[in-house]
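Have a look at it, then read on.

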Amino acid sequence: MTAVETPLAAAALALGDDALVLSHRLGEWAGHAPVLEEEVALANIALDLLGQARTLLSLVGDEDELAYLREERAFRNAQLVEQPNGDFARTIARQLYFSTYQHLLYEQLATAGGPVAPLAGKAVKEVAYHRDHAEHWTLRLGDGTQDSHARMQRGLDALWRYTGELFEPVAGLPVDWSTLREAWLSAVTGVVERATLTLPSGPQTGAWTAGAGRQGIHTEPFGRMLAEMQHLHRSHPGASW
Amino acid sequence: MTTMAPDTGAQDTAGYEAAFDAAVAADERIEPRDWMPDAYRATLVRQIAQHAHSEIIGMQPEANWITRAPSLRRKAILIAKVQDEAGHGLYLYSAAETLGTGRDELLDKLHSGRQKYSSIFNYPTLTWADVGAIGWLVDGAAITNQVPLCRCSYGPYARAMVRICKEESFHQRQGYELLLALSRGTEAQHAMAQDAVDRWWWPSLMMFGPPDAESSHSAQSMAWKIKRHSNDELRQRFVDICVPQAASLGLTLPDPALRWNEERGQHDFGPIDWTEFQEVLRGNGPCNDQRINQRRRAHEEGAWVREAAAAYAAKHGKATA
């Protein structure tokens, strides 16, 4: 797999891999959700993200070659989206951090023009729904029972160190990254405080995470996720499905 | 029909019963606030609940392949299908609730084994082709069973079925198309498709239930127009539909006795292994334990989430949640 690293390819791979990998994680919830309504909601979000991934990857090359035949080191998604689902609170924390980011990012991209603008313009409506879903659950869990409050706080704390990477500039994306970070921090703070929770105060990144996913350096669970995702496709080289 | 339920003495019941019988005879719909015989209500609760449970348990064998789907297009189709099944479960629980039961109570009965789900979902999905075989055969059998339910005498159930059948037909075509792609693909893919059809054919025929002679609920359900056709009639219809479809798929059906009967104008087919059917119903199928345990685990592990939502709603009012 030799994706040409033009700025457009870099940008589409970063955004496309984010959507592909998070979609996969949400797909793992199917049949395991806490209420039937969440079976529908999580599958719905997974499907939206998969649709976005397909559009974005197709800007770079063949969507299936890119999804199924790249090794771990060639994926450009942020480490946040590859984090295992954990309990429902951790999944919601991941959704809150990511969908707030994605919504603000796509709003900027939709108005900035360029090849990603049409996708961003369409996806921003889907992502607004994902963000609402994550916000409402953050409120319910944070301001629900003592147990749900503690779990939600643990989810936010555990994933905090993966949030800094979201604001590492991606080549080819006409985005003001520092404005994006400020807007994100303000939006997430608002929700977290309304949910009677505390925004983690530690570093948003570390030497081991700074921009790492975007450079193809991932966390251990990611390779296992890809092994499962790619196994069947790789077992039948050249086959059509 | 708009007859209200009686709240006075038993001497009035005969009049209501006559009105109910007349409405059923005239093919009118019975609605939730209408009077209905207790046994009619109980039969419907049993049937609709079992149907709803089947949608929910039926997500598992297919969800088993979401993370391994071999192309992004197929993965999207599969996620959408599993999502639809959860939605069908929700419609059906709502329909059951119009009969005076609650979703929590029904789920309890599923989890404790007091209510059943379709025996077909106790079979494992061992290869990707099984996803196609489920779409083509299992959904195909379900549609054959369910299309007549769109005319069922109980209004809420009939209306749920109209919507469900539309989506199921779509899934069925997608399953067929998946198998066709495999059948026309590499030798290994073709073999995978044939193996899946070989494993799913007989269990699909069992979905129509026991032979007419042994079907305990059939006669009453037909009299009430909950059911419109007998098990054996629908099974025969299904076989007749599948034979030419298998031929166009380039796949065979695993039944040496299967052949066209000119005289009957229908296909003859071999005997069904009813011992296997009874074993699966008794809980001894390949995946009975696994399916029910996963469902219970999802429910138990989700209890704190449901409690949190309830606590939040109590604090803030449901409208803000």
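Q: What makes a run of residues count as a helix here, such as those that line the second largest cavity?
A: A helix is a DSSP run of H or I with at least four residues, and the numbering starts from the N terminus. With that in hand, keep in mind that this is a predicted model. Helices α1 and α2 of chain A and α4 of chain B each supply at least two residues of the lining of the second largest cavity. The largest share, 5 residues, comes from α2(A).

Q: Which residues lie nearest the centre of the second largest cavity, and how many line it?
A: There are 14 lining residues, and L26(A), W29(A), A30(A), E39(A) and A43(A) are the ones nearest the centre. By class, the lining has 11 nonpolar, 1 polar and 2 charged residues. Its volume is about 70 Å³.

Q: Why is a space called a cavity rather than a pocket?
A: A cavity is a set of points where a 1.4 Å probe fits but cannot get out, whereas a pocket is an open set. By this rule the count comes to 3 cavities of 30 Å³ or more. The largest cavity holds about 100 Å³ of space.

Q: What lines the largest cavity?
A: The lining includes E62(B), R74(B), W128(B) and H171(B). Helices α4 (72-97), α6 (129-146) and α7 (155-183) of chain B each give two or more residues to this lining. Sorted by class, the lining residues are 5 nonpolar, 4 polar and 3 charged.

Q: Where does the lining of the second largest pocket come from?
A: In chain A, α2 (36-60) and α6 (117-142) each supply at least two residues, and so do α5 (103-111), α12 (288-301) and α13 (303-316) in chain B. Helix α13(B) gives the most, with 5 residues. The pocket is lined by 21 residues, and V35(A), E37(A), R103(B), D104(B) and R306(B) lie nearest its centre. About 510 Å³ of space lies in this pocket, and its lining divides into 9 nonpolar, 2 polar and 10 charged residues.

Q: Why is the pair R103(B) and E37(A) called a salt bridge?
A: The closest N and O atoms of R103(B) and E37(A) are 2.5 Å apart. The cut-off is 4 Å between a side-chain nitrogen of Lys or Arg and a carboxyl oxygen of Asp or Glu, so the pair qualifies. Across the interface of chain A and chain B the rule finds 2 salt bridges.

Q: Which elements make up the side of chain A that touches chain B?
A: Those giving two or more residues are α1 (7-27), α2, α3 (63-68), α5 (88-112), α6, α7 (146-160) and α9 (220-235) of chain A. The largest share is 11 residues, from α2(A). This side of chain A has 23 nonpolar, 12 polar and 12 charged residues.

Q: How many residues and how much area go into the contact of the two chains?
A: The contact takes 47 residues from chain A and 47 residues from chain B. Together the chains bury about 4100 Å², with 67% of it on carbon and sulfur atoms. There are also 16 residue pairs in polar contact between them, both partners at pLDDT 80 or more.

Q: How do you know that E126(A) and K122(A) form a salt bridge?
A: Their closest N and O atoms are 3.7 Å apart. That is within 4 Å, so the pair meets the rule. E126(A) and K122(A) both lie in helix α6 of chain A, 4 residues apart, which is about one turn of the helix. Over all chains, a search of the whole structure finds 24 salt bridges.

Q: What does A311(B) touch, leaving out residues up to four places away in sequence?
A: A311(B) touches G144(A) and T145(A). A311(B) sits in helix α13 of chain B. From A311(B) to A257(B), 54 residues apart along the chain, the C-alpha atoms are separated by 61 Å.

Technical notes. Residues numbered from 1 in each chain as written. Chains lettered and ligands numbered in written order. Heavy atoms only, no water. 1 Å grid on protein atoms, 1.4 Å probe; cavity = no way out; pocket = protein on both sides within 12 Å on 5 of 7 lines; lining within 4 Å. Points joined across faces, edges and corners; volume = space filled by probe spheres on them. Nonpolar A, V, L, I, M, F, W, Y, C, P; charged D, E, K, R; others polar. Contact = heavy atoms within 4.5 Å. Buried area = accessible area lost by both parts, 1.4 Å probe. Polar contact = N/O pair within 3.5 Å; in protein donor to acceptor, adjacent residues only side chain to side chain.
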